[in-house]
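Here are a few notes from my pass through this one. Have a look at the model first, then see whether you read it the way I do.

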Amino acid sequence: MMYWPFWTRQAAAPAAVVDALNESRPRTIWRDELDTLITKVNRFEHLRVVLTFRSHYRAQVLPDELVLPEIVHRGFHGVEYDALREYADLYRLEPPASPPVQSEFSSPLFLRLLCEAFKEQGRLSLEDATIGLDELADLLLDQVNRRISNELNAPVTDQVVHQAMHAIAERLGSGTQPWMNRASAHVLLQDIWPGRTTDRSLLEALLGEGLLAEDVDPAATGPKRNVVAMAFERLGQHLVVAAAMSDLQDREHIRQALATGPLRQLVGLDTEPDPGLLEALSVVLGQRGMELTEFRDQVGERQAVAAIVAGLPWRSQSTITRVTIGCVDSALRRPETFHEAMDTLFRLAPRSGHPLNADYLDTLLSARSMAAVDAFLAPWLHATKEGGGAAHRLITWARDRDISRIGVNTCRLWAVAILWCTGCPDRRVRDDATLGAARLLITCPELVPELLEQFLNVVDDWITERACYAAYTALLRSGSADQWKAAAQAVWNVLFADEPPLNAALHDEGRRIVEAAAERGALPVCVGLTRVRPPYPSTWPIAWPAPDDVAKFRESRDYPKLHFSCTADDFSTYIVESTLRDRPGIVHEDVARRVLVDAVELGYLPDLHAPFDQHVLQTYGSGRSKPSWIERIGKKYQWIAFARLLGQINDHVSPARDRWSPPEPATPGPQSTRLRQMDPTVCDAQPDAAGPPQPHVPQYNWVDFDQASSPEAWIADDTTLPDPPVEFTGSTGPQVILAGNYDWRRENEQDADNPTVWAHLVSLFVKKSDLDALLTELAAKDLADEISRVGGTSYRDGFVGEYPFGEHYAAEAHIHAYEYGEPFSVPTIATTVDLLGEYEYSPIDRVSLIAPSPILFGPAPGNLSWDDKATWRDIHGHPIAAVRHVFGAGQNELTIDRAWLDQWLKEHEMAIVWIDLIGKDLMRSNSFHNSHPGRLMRSRARHRTQDGQIAALQPFYNRTPSWHRDDS
């Protein structure tokens, strides 16, 4: 607990931190002297003070009347994965192979004690932290016992800490509260180890080590009374239950104790049962080969099952039996225990060798239909998203954290667990789980073929599609030829060897993996590319439902919005109609009704799915104001039904052609460009953040604007235009700028009319033999139109990581080549293109970046590859080209290694020419004005001379004159 005192003067003032007030002796010194400190601090206007202490000790270190702003620091909550790795590095231990599942790992004190205990015992890995609670308790007590025994000069073999903790546990177990009077605790521990002074007593030592905590009795009605409790509630409850059961040796004795004995009173079976003590009881029984459900007559079936599930993360995996698994199955069938049971399964999912890990989860889910799984998993994933349950922690850690050191089997289990989340209609869950799975498989690409085959057989098309995304991303990033070959074989076996699926998205994603393997010389012998490419042997014709066939779904609460969405809403207009408007003989209203019928036939059931869909409509709305990331389960089934119909239509009906259509490509293109709704290959790219400009980009001196006689005079002055460089030396050596967009705006400008300077830089390749002719053509010419043509090629349908290869890019490139018109009298090649990904349904930022020209990559699979962040690297992993940002719009820049580019230019007998357009303007707050100060634009070409210098050609100035309208 930290306090920012009320006497703070400024948010930016320096802070004096007084840490750990509760560790002072006596603790009351702060309570008595804090007024003096406040008085002294008040003398310094620009000083602030932060006080920190454990919340248990607030009453002892702060005066009652002192009211301060506070922040409660909850340890490592939410970042347990990072904390474990940091502590492992600090104590030179191997981090655990799997993410932490116990909530206690959010406590810095617990984690410190654990690491010290492991280090002291010579254990090398924190993987052992997954041991049962019995052994973990002994390990912690052994470690603290060594330290306290040395402090008190007690023999280590006397185990004074063990004695003390068990004595307190036994005393707490015989009482009615989870604490005891401090004085009573002191007397109790004096019998174990008499302390000569209060500061060197066994009680103070246990408080100092954090095994015990001191607080004020919350139940006291008279004078305040200090009490002592177990600092770690779970450890304390375990010790209390273990002490209470120490004399109960068999089932019959336990049954009697739970029926009428002290154990029944301890867990509160006659009043309100204590869930924590019942959980501890289930763990202790598990260590003895028993389950709490064996005592259902005494405890109650529901409470026994709930306690077993809650205690599973603290049980040694050797104690998990078929009976235990049966209890989990029972918990999943009960509404009151389903949440905890599912959360526990995801907590245990990455734990290698555990009977309830992701393999169990996969068996549980794959045995059910898509409709059955969606009925419980989709609402649960959505409901637990904000609270950060176990599934979402796994997704977040895989999406954002350093996972480079996880073991192969942990990686497999982790990926299996979160791939099952990609069927969720909450796209925040679906997209992040996809990105997390991709990052996991990048770490262990050898897992791709196995997991790909596993999830190609899942009956949910959404999950299968995203498994392809993750597998393809991992192979692009780090796949070997053998892994590509095995993955292509898996795709062939499931998707193409026999009857292909109808789904157009699965056609495209499976085909891309096979074709990419072929590009790498890794195509399996039995795979035929002709069969992998469209058209596919699907059934035809399709029976189109009549309006009366779907009338029963209209305005039905059993099918929330399903009829309207399919037949009249944006899905019908902007997805169905816009995709199929060029298909002769295909009536989009017929397709819309077929989508509706097929969505229901996919398994949509009112009893299972309508409650969630009603919740979505009531919570988020049904119109365009609804967040794009939330879908109904019914909408999911619409997407799948449409993807399947689209596959069938594409197999049998080609788009209409006219005299403006490009010729048919030699290789068929993809079956769909509308079904890709995120880009998994930017899984390591960082969101844009406002920051200082690049060091090589010049700053603009706004003094020129301030000193100008008028805005018109400032705009007309062509001597104050900035001069962005085309070459610079960066952290990796000399770089060449291929393209860039820049602007300079007045910081903190309050006026409605803001002066702005902007620049657009493009470049092109030209044969050396044509260079002089091109330079003659560019000199002193208005190049504004040429700049838009040179830098205007954009690709919208492919993934960044596959560029410039793959069917989506090939299809767009085919159109660009047909429509391209050379802007100059000699042949040129633009050095860059724009890659855009406008995924309207995804919560992830819009992809927008500048990429090197396809010619720089060479033939497939290319000599440059994307690293999922912001860089294209060569086959040795060296950075060659880098883009400033991947998401959003605004300033961007693509640079390339000069030595690499020079070598490429030499090999291809090419030269590079830069063209820039720079302008000055006044940004107006609205469009209604009586005057305008005009606009200045300068276009210019630059090139590198034979001696390596950058030379500029004569510029051209385009001046828009100022004007003033007299309305009088």
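1. A residue counts as buried under 20% relative accessible area, as exposed over 50%, and as partly exposed in between. This is a predicted model, by the way. Take Ala 551: its relative accessibility is 33%, so it goes down as partly exposed.

2. Where does Ala 551 sit? You'll find Ala 551 in the loop that runs between α27 (547-550) and α28 (562-567). If you want a sense of scale, its C-alpha atom is 77 Å from that of Arg 146, and the two residues are 405 apart along the chain.

3. On to helix packing. The axes of α16 (residues 335-348) and α18 (residues 370-383) come within 11 Å, crossing at roughly 80 degrees. Angles of 65 to 115 degrees count as roughly perpendicular, so that is the label for α16 against α18. From α16, the contact uses Phe 338, His 339, Met 342, Asp 343 and Phe 346, while α18 brings Phe 376, Leu 377 and Trp 380. By class, this contact has six nonpolar residues, one polar and one charged.

4. At least two lining residues each come from α21 (427-443), α23 (461-478) and α32 (633-652). Sorted by class, the lining of the largest cavity has seven nonpolar, five charged and two polar residues.

Terms used: Residues are numbered from 1 along each chain as its sequence is written. This is a predicted model: local features need pLDDT of at least 70, side-chain atom pairs count only at pLDDT 80 or more; totals for chains, interfaces and linings use all residues. Side-chain values use heavy atoms; hydrogens and water are left out. Helices (H or I, at least four residues) and strands (E, at least two) are DSSP runs, numbered from the N terminus. Ala, Val, Leu, Ile, Met, Phe, Trp, Tyr, Cys and Pro count as nonpolar, Asp, Glu, Lys and Arg as charged, and the others, Gly among them, as polar. Buried means under 20% relative accessible area, exposed over 50%, partly exposed in between (1.4 Å probe, protein chains only). Axes are lines fitted to C-alpha atoms, for helices over the stretch in contact, and angles run from 0 to 180 degrees between N-to-C directions. Angles under 35 degrees count as roughly parallel, over 145 as roughly antiparallel, 65 to 115 as roughly perpendicular and the rest as oblique. Contact means heavy atoms within 4.5 Å.
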